[in-house]
Amino acid sequence: MTYRQPILDTSPKVSDEIRKTTCYMCACRCGINVHMKNGRVAYIEGNRDHPINKGVLCAKGSSGIMQVTAPSRLRHPMKRVGPRGSGEFQEISWDEALELAVSWLKPLRETNPEKMAFFTGRDQSQSLTGFWAQAYGTQNYAAHGGFCSVNMAAGGIYTIGGAFWEFGTPDWDRTKLFVLFGVAEDHDSNPIKMGIGKLKTRGGRVIGVNPIRSGYNAVADDWYGVTPGADGLLILALVHELFKAGKIDLEYLARFTNAPCLVKADAGPENGLLLRDADDKLLVIDKRSGKPVPFDTPGVRPDLGATHQGCRTVFQVMAEKYLDEKYAPEAVAERVGISAERIKGFAAELAHVAFDEAIELDQPWTDFRGDKHDKMIGRPVSFHAMRGISAHSNGFQTARALHMLQVLLGAVECPGGWRMKPPYPKPVEGHPKPHCGVTPGKPLNGPHLGYPLGPEHLALKEDGSPARIDKAFSWENPLSAHGMMHMVISNAHAGDPYKIDTLFLYMANMAWNSSMNTRAVIEMLTDKGEDGEYVIPRIIYSDAYSSEMVAYADLILPDTTYLERHDCISLLDRPIGEADAAADAIRWPVVEPDRNVRGFQSVLIDLGARLGLPGFVNEDGGAKYKDYADYIVSHERRPGVGPLMGFRGNGEGVGRGAPNPDQIKRYIENGAFFLAHMPEDGSYFKPWNKSYQDWAVKIGLFDAPSPYLFSLYSEPMRRFQLAAEGHGDRQPPDHLRDRLKQAMEPLPCWYTPFGDEDAEDYPIHALTQRPMAMYHSWGSQNAWLRQIHGQNPLYLPTGIWEKHGFAEGDWARVSSPHGEIVVPVAHMAGLNPNTVWTWNAIGKRKGAWALEENAPEATKGFLLNHLIHELLPAKGDGLRWSNSDPVTGQAAWFDLRVKIEKAPARHHTEPNLPPIKSPVPEAPKHRRQGEKA
Ligand code: SF4
């Protein structure tokens, strides 16, 4: 008998239409093809033509289909009818919701705008939200960078005028050695995976520096399991070795950095600043004449070893500092957790690849001085870093140290090195300064956030107290370029520096994983004063999903998912650039929402019009923009420069040009992105490359060429030190002087992280890692991603595991100076011997995210946040400072110290907070793919 094979259609038609847009399951912003069938999302694949991912798609990206159908999606605008935290809401119309918001916001604007604080989470529309907050007139606005990775951004901007993250990239086609420090793998996904693949195919090497050998560290050729908070010391030991061996790119330093600038030695208010001429230009000594000349003099040959009237060069000060034996590998090995031999080997490998394997491109170019170069010399060592090194109280200086290491090797902006993506490079002087000038009924006197160059740019009130509710840009955290969102609720609750009336939050889960000291924050959100009113009287919240924060808000403005709205990934904000091209992108509604929700950006524009905010209304008082799509196309930040650079004017304009009503249509036809390549002779050495600078002006990145020198020595930081030493009109309070003198050291330094004060009683470091498969906590409600990470044990290194006699299935009590948790444990060998860790934000509160109450996220998942206080212990002066980097205010999550002991196994992790009532129903038990809840 013959067996008849069934007839199978091995290539079924998966869709009847493909819509190209931009992924938002993480910050990489890959291009995606959304396959539609019968009006529903059937399948998502990578867009092969897209510059970011070239068709590659990760687990998060393909799971976007479950995001758009997630049971946890909010359905209607709602107002709270029960007590805060009860989860009791009444559905209301959009008109009612917006008028309620206006009835709260309008009187505040007319009387005291600072009583309204507007903070946003990981959204990608800060150029709009900041513009709106400025028009409203409050100084209390920021996004979430203060509790994320502002140290990386600020450390980079103050040193090289650019930063890691999505703002730069290794030269993957040419680099031979790639070094990763503490990367958050959810943030740096497809581009790095593709890059590592390219590098390894060519026989290049990857070095991972991370206490935890997970993710990219697991595929690294060499792994340095550094002790948390000691990365900066390791980097300075590498710098010591490079100085000692003379393996430094002196030519690069002399031409492109402030290493040949002269440090004033006279005692007095200018001590330690750099010598300048009458036009305020930095001076260097020209080797040809031995005389001081402006740094940009054509043909100048800056002398790194010169002295002038008692001034030494920055380079000499650096050599003296970093050759000190306290940075010798032998001196730091124990603290860093890596042997002296391995540190020396690491330094030797960097030097070998940078100098012995240097590359040359036959590409002539002209620098900003007008000097012509026949070739481009490349140092094929590239670096990348993220949250691991930055979430410490010494993270800013560590980020600076890492950039200094790159620069000493001559490995920034060269072939084979690390390169910036437009709109970077951009000197720190080219950024806005923070503003806090409030006038009732009027806009703020300038942008909220920026990069202070000295005490004159701090956001202080007349009496010297912090002007902002989060105390950003105050003496406590002078360079807090992204604000300090993690301090808003506790400061507002304490009335320090003042009370507020309305807290307006977007996409920030402050009642759970986005706050330190979670339980106390929940209490602050529900606490009432003697008058029976909530201490924070009104909370407006916008989110697409029923997160833990929803129950604590008074008014809910439900957002759409990323496949249901317009978005703009703009050069005014955080574009999708490439190292040799400017690029931006859009999202557009590939499906219409099936619920009564609206894109938050359109809601904000509507609110702006209802409030009559300048920039959001026409002269006749009518709404200026119909919605966010209209704003994206019509808004001009400067004449001819708007949110999108492509297809401007008659459709041919790039960067500059009148608004084009067809712009979004043209983007959609082009795959939802636009790419403008820079000239070939302009794509390396961009901060100093005349061809690049001219091109950047042409496409509107800036209005005049802005070449600059890398700041190995930071004058802005020295200005704060001078203030701490008693110079200048604006003076810090006495109790902060010593701390400022230490933290604002103008050359990169290392100091013990503040958490080490607890080391005697709490000897173990405790960290979280962001999983590659789940960006922030957005995947918690995603049926596919939950199968990858549904729970999160605490991983213990072999020594601790064996010392306590742990076995698989055991539980542990983990205590910090602030609290304790009881959690399941697991063994991991590839781990720093004094560090424990878990995945970030997998643990969920019962009742949230439309998960079952016994969901693994709520019973076996947990947060370390319960162990971390937002304030440091009292210092003896009666004051408690925020648990943050003293320079930038970056939340010092990773300074956490704990102790650990065995605990009986149980059915749920502790603390086990009571369930909250969710305004959306629990998910159905069974669902077919693409089926909506
Ligand atoms: S790397 Fe990020 S942006 Fe790219 S497909 Fe994955 S989730 Fe989407």
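Me: In S24, which residue is the bridge partner of leucine 503?
Reply: This is a predicted model, in which local features need pLDDT of at least 70, side-chain atom pairs count only at pLDDT 80 or more, and totals for chains, interfaces and linings use all residues. Residues are numbered from 1 along each chain as its sequence is written. Strand S23 (residues 502-506) and strand S24 (residues 538-543), each a DSSP run of E with at least two residues, pair in the parallel sense over 5 bridges. Within S24, leucine 503 has as its bridge partner isoleucine 539.

Me: Which are the edge strands of the open sheet of 7 strands?
Reply: The sheet is open and its pairing is mixed, with the order S5-S4-S25-S24-S23-S6-S7, where pairing requires at least two DSSP bridges between two strands. Two strands pair on one side only, and these edge strands are S5 (89-91) and S7 (141-142).

Me: Which strands does helix H3 lie across, and at about what angle does H3 run to S25?
Reply: Helix H3 (residues 94-111), a DSSP run of H or I with at least four residues, lies across S4 (78-80), S6 (116-120), S23, S24 and S25 (555-558). The angle of H3 to S25, taken between N-to-C directions on a scale from 0 to 180 degrees, is about 120 degrees.

Notes:
Contact = placed C-beta atoms within 7 Å.
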